[in-house]
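Here is a friendly note to read alongside the model. Have a look at the structure first, then follow the points below.

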Amino acid sequence: MAEDFIVTPWEVKGEIDYDKLVERFGTQLVSQEILDRLEKHASPLHHLIRRGIIYSHRDFNRILDDYEKGNGFFLYTGRGPSGDTHLGHILPWILTKWLQDNFKVKFYFQLTDDEKFMFDDGLTREDTKKYAYENMLDVIALGFDPKLTKIFLDTELIHTLYPIAIDVARRINFSKVRAVFGFDSSHNIGSIFYTSMQAVPCFLESVLEGRNIACLIPCGIDQDPHFRIARDVAPLLGYYKPALLHNKLLPSLAGGDKMSASLPHTSVFTTDQPDDVRKKIVNAFTGGRVSVEEQKKLGANPDICTVYHYYMYFFMPEDDELRDIYLKCKGGEILCGECKQILIEKINGFLKEHQQKREEAKDRIEDFILRD
Ligand code: TRP
């Protein structure tokens, strides 16, 4: 059988089997035991965790050990600024915010303007920098604590980052990145070096504080290959291996794959206007039947429905409400048109508030940004 699905940091294709992915990547499923342990420190658990959207990890137990011993840890995630922010991007940021609120820990956010310049021929350095400053507003708008949160662009913190990056780069050979990322001799040499830049923030707090502090990275499972490499290198440099919490990817509104910014109508962007949202959701893929009569008689399938996924991931944090709509859908008591209408209102309500905070964030950049 041909490859049924592909997940790499730069390409996501096909219907993802998340259990298989855990096997392929060699990560661990988030177990009930971990949930119980986490709940002792952070209760109630976030709906993304309760619903198994944050479903896989590396060494999360060790982070809890360290925390319980009083050694602390810090958070790290990031974004490759290749365009506007969509809801799929903010998923791990929402989890990160919840972790920061509950554990009161430091958080580094990396904007890889260098990465997107290397990997996308169509973008200039000015473009990736501009998007970095746009994307940053979405991070700030989510309400992170400015005293504990630092955001940076790789090109603007390079004096600090570069010494750590070359420490990392010297321990990675080409055959390794070729095997992990599938590079060949046509790739530019910046792409080949890049993973060392994404590794740097894993160690940044330890370097700046002058003692070893554990790093926890909430991210999409597609980013795991970078951190597999960072974890191999960490002990060679005398640091802790970074731990990870992986989320499933938000499905595209067309059904299937991760949301792709290259097909704008299949994602909801944080800057979308109410009318954009309406059009996108009206055209979204659902689990509905071919006719109203059939749907009333046989019910629809929420498990494959993108509208239902949006409720589950973002817009129905109350479990009772989510269960209710699930049952109504299955029982044919609600039709797709009505269900889409509810979602459109919820998304537009969220975006109205988010866009307001995003505007306010423009005056707060200096409270968060870290430069050389
Ligand atoms: N490579 C990521 C992207 O393309 C950006 C990124 C940098 C990142 N550091 C990270 C993502 C840490 C998650 C965690 O979006």
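Predicted model: local features only at pLDDT ≥ 70, side-chain atom pairs only at ≥ 80, totals over all residues.

1. Residues are numbered from 1 along each chain as its sequence is written, and side-chain values use heavy atoms, with hydrogens and water left out.

2. Staying with the cysteines, the structure holds zero disulfides (pairs of cysteine sulfur atoms within 2.5 Å). Cys202 is in no disulfide either, and its nearest cysteine sulfur, that of Cys215, is 4.8 Å away. Cys202 counts as buried because its relative accessibility is 2% (buried means under 20% relative accessible area, exposed over 50%, partly exposed in between, with a 1.4 Å probe and protein chains only).

3. Next, please look at helix H8 (residues 158–169) and helix H10 (residues 189–209), whose axes come within 8 Å and cross at roughly 110°. H8 and H10 are therefore roughly perpendicular to each other (the class for angles of 65 to 115 degrees; under 35 is roughly parallel, over 145 roughly antiparallel and the rest oblique). Their contact (heavy atoms within 4.5 Å) includes Ile158, Leu161 and Val168 of H8 and Phe193, Met197 and Phe203 of H10. By class, this contact has 15 nonpolar, two polar and no charged residues.

4. For Lys104 phi is about 55°; its loop runs between helix H5 (87–103) and strand E6 (107–111), and Lys104 counts as exposed because its relative accessibility is 59%.

5. The peptide bond joining Ser43 and Pro44 is cis, with omega about -5°. Pro44 belongs to the loop between helix H2 (32–41) and helix H3 (47–50).

6. Last, Gln273 lies in the loop between strand E9 (243–247) and helix H12 (274–282). At 42% relative accessibility, Gln273 counts as partly exposed. Its C-alpha atom is separated by 17 Å from that of Ala284, eleven residues apart along the chain.

How values were computed: Axes fitted to C-alpha atoms, helices over the stretch in contact; angles between N-to-C directions. Helix = DSSP H or I, 4+ residues; strand = E, 2+ residues; numbered from the N terminus. Nonpolar A, V, L, I, M, F, W, Y, C, P; charged D, E, K, R; others polar.
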